Amino acid sequence: MTPAKAQAVIIGASAGAVEALSAILPALPRSFPLPVIVVVHVPSDRPSLMVDLFRAKCRLPVEEAEDKQSLEAGTIYFAPPDYHLLVETDRNLSLSADEPVLFSRPSIDILFESAADAFGPDLIAIVLTGANRDGADGLAAVHNAGGTVIVQNPEGAHARAMPEAAIQSCPSALVLSLDAIAEYLKEV
């Protein structure tokens, strides 16, 4: 059951991200009450097409996150290429050009750990398909802060490594199919 007090959703994905996110984000209703913050590993040497792609598919507004931006309910924010995306304790977004983590900038772990500090138990964190272990430590941080943790079932993932690492790091996580994740979020 979705916690009634949830105040934000964070999602991390890598290899296979477009397909996985396409099963979740367009399913969210126009009335979805929470901000959704997404990190996808994209090459740093070219612009991300995520915002344009999902703007055309989603009922919610979709934006590329900006430094010091305030979170708005019912808005989807994507990390820009080559920047870490963080949630500050005042619940505004910030960008960082610090060193890559696990060869990735943006890093899922950095978003998840900062959001765990900002939202504590009022957070839903989701790790999707990917070919490394980014997100596993961040998911554990969200769990330790009392948040809700969800992992895409590795059986249906394009790349199993990231969800498998997340489950290993956080064995009590809900392990759901993409369709079940979308249904779970619609109950918020």
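**Entry 1: ground rules and the sheet**

Two strands pair if DSSP finds at least two bridges between them, and the strands themselves (E, at least two residues) and helices (H or I, at least four residues) are DSSP runs, numbered from the N terminus. This is a predicted model, so I noted that local features need pLDDT of at least 70, that side-chain atom pairs count only at pLDDT 80 or more, and that totals for chains, interfaces and linings use all residues. Residues are numbered from 1 along each chain as its sequence is written, and side-chain values use heavy atoms, with hydrogens and water left out.

I looked up the sheet and found an open one of seven strands in the order β3-β4-β2-β1-β7-β8-β9, with parallel pairing. Its edge strands are β3 (62-64) and β9, each pairing on one side only. On average, neighbouring strands are turned by 20° against each other, direction ignored; for such angles, axes are lines fitted to C-alpha atoms, for helices over the stretch in contact, and values run from 0 to 180 degrees between N-to-C directions.

**Entry 2**

I followed the pairing next. β1 and β7 pair in the parallel sense over five bridges, with Ala 8 opposite Leu 123 of β7. I then saw that helix α3 (residues 108-119) lies across β1, β2 and β7, at about 165° to β1.

β7 (residues 123-127) and β8 pair in the parallel sense over four bridges, and Ala 125 stands opposite Val 149 in β8. Right-handed means that, with the strands pointing away from the viewer, the path from the first strand over the helix to the second runs clockwise.

How many bridges join β8 and β9? I read three, again in the parallel sense, with β9 covering residues 174-176. Gln 152 has Leu 176 in β9 as its bridge partner. Helix α5 (residues 161-169) carries the chain from β8 to β9, and this crossover is right-handed too.

I also checked burial in β8 (residues 148-152): five of its five residues are buried. Buried means under 20% relative accessible area, exposed over 50%, partly exposed in between (1.4 Å probe, protein chains only). Thr 148, Ile 150 and Gln 152 point one way, while Val 149 and Val 151 point the other.

**Entry 3: cores and a ring pair**

I used this rule for a nonpolar core: buried Ala, Val, Leu, Ile, Met, Phe, Trp, Tyr and Cys residues joined through side-chain atoms within 4.5 Å. The largest has 33 residues, and Leu 21, Leu 25, Phe 78, Leu 128 and Leu 185 have the most contacts inside it. Among the elements giving it two or more residues are α1 (17-24), α2 (50-57) and α6 (178-186). A second, separate core of 29 residues includes Val 39, Leu 71, Val 142 and Cys 170.

For rings of Phe, Tyr and Trp (its six-membered ring), I counted a pair if the centres lie within 6.5 Å, with planes under 30 degrees apart stacked, over 60 edge-to-face and the rest tilted. That gave one aromatic pair. Why is the pair of Phe 54 and Phe 78 stacked? Their ring centres are 5.6 Å apart and their planes are at 25°, so it counts as stacked. Phe 54 is in helix α2 and Phe 78 in strand β4, 24 residues apart.

**Entry 4: Ser 104**

Ser 104 lies in the loop between β6 (93-96) and α3. Is Ser 104 buried or exposed? It counts as buried, because its relative accessibility is 7%. Ser 104 touches His 41, His 84, Asn 132 and Asp 134, not counting residues up to four places away in sequence; contact means heavy atoms within 4.5 Å.
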